[in-house]
Amino acid sequence: AGIQSFNDKQVDFAGSDSLMKDDEQAKADARCGGGKAIHMPITAGAIVFTYNLPGVSTLKLSPAVLAGIFQGQIKTWNDPKIAADNAGVTLPNVPVQPVHRSDSSGSTDILSKFLDSTAKDSWKLGTGKELQWPGGQAGKGSDGVTAAVKSAPGGITYVEQSFSKANSLPEAQVSSGSGQFVAANGQTVAAALASVTPDTSKGDVRVKIDYSKTPAGAYPVSAVSYVITCGKGNANAAALKAYLGYSADKGQASAESLGFAPLPQALADKVKPLVNGLS
């Protein structure tokens, strides 16, 4: 929706958890008067698996189990596959109610890429912002899926951490398949991104995460959120530079309290020159 609004000239910049596809990039470049629409990471964050399971405050989920849940193959919370990773936790015999996004979503894109990399033998839905889900409940937007889980005992969804925090919902610890389960927070997200080399070959800053090689102690479903705007020809260039300049610098200190994570310094240092060059 952000990319569409930007391309329709409704907003000065878009926010997206995913890079634009080639056709979206072409439309964005045209919207910029034939110049270049650029991607700039502006914050980091976690896609968390938030759930509504009364009496269960601690939960561990592996990629294979998550694939089984969202493909409708694991149907009850006391399934032996879930129990195997949750020794000492009393899991109730209630139906699993997976909730996915009904709209095109960067969160779905990140989830699918993570499971495609870490649960290759289990995940059959491919990757992308929209998937052919075999069942489960659908919700529009992050607000929609969060509300659906909050009102449905047994529910589980994937969402940016800020939404689970705002709704006081618990979050599962997740493993990358190596056996180490990690909770999402500013430090574990930063650890996941610290070793990533930004791609600047297209005149902007893009981050490609290899979900199959999550460092020890890092949250495995971490990502960046991008600002997408015109490099040149912005109608409100001065205000845009002031706002994004603050966001890429002093504003990073506010990220964790809002359910996000600050950009690693090396990555932020790649973004600042792009902001300074906006016109």
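## Cavity, disulfide and helix packing

The largest cavity has a volume of about 60 Å³. The structure is a predicted model, in which local features need pLDDT of at least 70, side-chain atom pairs count only at pLDDT 80 or more, and totals for chains, interfaces and linings use all residues. Residues are numbered from 1 along each chain as its sequence is written, and side-chain values use heavy atoms, with hydrogens and water left out.

**The cavity.** A search of the whole structure finds 1 cavity of 30 Å³ or more. A cavity is a set of points, on a 1 Å grid over the protein atoms alone, where a 1.4 Å probe fits but cannot get out; lining residues have an atom within 4 Å of a point. The volume is the space filled by probe spheres set on the points. Lining the largest cavity are D17, A44, G45, A46, I47, I110, E160, A223, V224, S225 and F260. Strand β2 gives the most to this lining, with 4 residues. Both β2 and β9 supply at least two residues each. By class, the lining has 7 nonpolar, 2 polar and 2 charged residues. Here Asp, Glu, Lys and Arg count as charged, Ala, Val, Leu, Ile, Met, Phe, Trp, Tyr, Cys and Pro as nonpolar, and the others, Gly among them, as polar.

**The disulfide.** The count comes to 1 disulfide, defined as a pair of cysteine sulfur atoms within 2.5 Å. C32 is joined to C230, S to S 2.0 Å. The torsion about the S-S bond is about -90 degrees, so the disulfide is left-handed. C32 sits in the loop between α2 (22-31) and β2 (37-51), and C230 in strand β9 (residues 222-230), so the pair ties together parts 198 residues apart in sequence. Helices (H or I, at least four residues) and strands (E, at least two) are DSSP runs, numbered from the N terminus.

**Burial.** Buried means under 20% relative accessible area with a 1.4 Å probe, protein chains only. Three residues are tabulated.

| Residue | Relative accessible area |
|---|---|
| C32 | 10% |
| C230 | 1% |
| T188 | 10% |

T188 lies in helix α8 (residues 186-193). Leaving out residues up to four places away in sequence, T188 touches V182, A183, G217, A218, Y219 and S222. Contact means heavy atoms within 4.5 Å. In helix α6 (residues 141-150), the buried residues are G141, S142, V145, T146, A148 and V149. They pack against β2, β4 (97-101), β5 (137-139), β6 (155-160) and α7 (161-166).

Note on methods
Buried < 20%, exposed > 50% of the residue type's maximum accessible area, 1.4 Å probe, protein only. 1 Å grid on protein atoms, 1.4 Å probe; cavity = no way out; pocket = protein on both sides within 12 Å on 5 of 7 lines; lining within 4 Å.
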